[in-house]
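Please look through the structure shown here, together with its sequence, and follow the report below as it moves from charged pairs to a helix and then to a group of rings.

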Amino acid sequence: MALFRAPRTAAKKKEQAMVNKLELVEHVAAATDSSKAAAAAAIDAVLDGITKALKKGDEVRLVGFGTFSVKKRAAGKGRNPATGEEIKIPASKSARFKPGATLKTALNKTK
């Protein structure tokens, strides 16, 4: 079973293929010889753990895969493009991912 699927039509060739959660669950279930329900529960637990750690402001490092962290963005001013009116942009936080060396190497290997 291929984890990534090819685009279905010529129009979609410009777009990249995606993997949705259901396909990831199927892949994990097949790779671990477990049920789809168990694989879905495991994936949900991992994602929940990462989310909780990031909410606390912690960094999540998965050696060989990468690091999840939180980036803080300061408040600022912007303009409404329709009216030109100045608006306030509130401060926010965003999740970031930095790939690890092993993942970078795997992505850049030539076939």
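How many salt bridges does the count come to, if a salt bridge is a side-chain nitrogen of Lys or Arg within 4 Å of a carboxyl oxygen of Asp or Glu? The count comes to six salt bridges. This is a predicted model, in which local features need pLDDT of at least 70 and side-chain atom pairs count only at pLDDT 80 or more, while totals for chains, interfaces and linings use all residues. Residues are numbered from 1 along each chain as its sequence is written, and side-chain values use heavy atoms, with hydrogens and water left out.

**Charged pairs**

Side chains of opposite charge can pair when their charged atoms come close.

| Lys or Arg | Asp or Glu | N to O distance |
|---|---|---|
| K52 | D48 | 3.4 Å |
| K56 | D58 | 3.8 Å |
| R79 | E86 | 4.0 Å |

In what follows, a residue is buried under 20% relative accessible area, exposed over 50% and partly exposed in between, for a 1.4 Å probe and protein chains only. K56 is exposed, with a relative accessibility of 66%, and D58 is partly exposed at 36%. R79 is likewise exposed, at 56%, while E86 is partly exposed at 45%.

**The overall layout and helix α2**

The protein has three helices and five strands, where helices (H or I, at least four residues) and strands (E, at least two) are DSSP runs numbered from the N terminus. Along the sequence these elements follow the pattern α-α-β-β-β-β-β-α, and buried residues make up 13% of the 111 residues in the protein.

Helix α2 covers residues 36–55, and its 20 residues should span 28 Å, which agrees with the 28 Å between its end C-alpha atoms; the expected span is 1.5 Å times one less than the number of residues. The buried residues of α2 are A39, I43, I50, A53 and L54. Because these residues cover an arc of only 110° around the axis, they lie on the same side of α2, the arc being that of the directions from the helix axis to the C-beta atoms. What covers them includes α1 (21–32), β1, β2 and β5, whereas the face turned away from the buried side carries the exposed residues A37, K52 and K55. Just after α2, G57 takes a positive phi of about 95°.

**The aromatic rings**

A search of the whole structure finds two aromatic pairs, where rings of Phe, Tyr and Trp (its six-membered ring) pair if their centres lie within 6.5 Å, with planes under 30 degrees apart counted as stacked, over 60 as edge-to-face and the rest as tilted. F65 and F97 form a tilted pair, 5.3 Å from centre to centre and with 50° between the planes. F65 lies in the loop between β1 (60–62) and β2 (66–73) and F97 in strand β5 (residues 92–99), so this pair ties together parts that are 32 residues apart in sequence.

The rings of F68 and F97 have their centres 4.9 Å apart and their planes at 50°, so this pair is tilted. F68 in strand β2 and F97 in strand β5 are 29 residues apart, and their pair links distant parts of the chain. F68 is buried at 19%, whereas F65 is partly exposed at 40% and F97 is partly exposed at 35%. F65, F68 and F97 form one aromatic cluster.

How values were computed: Contact means heavy atoms within 4.5 Å.
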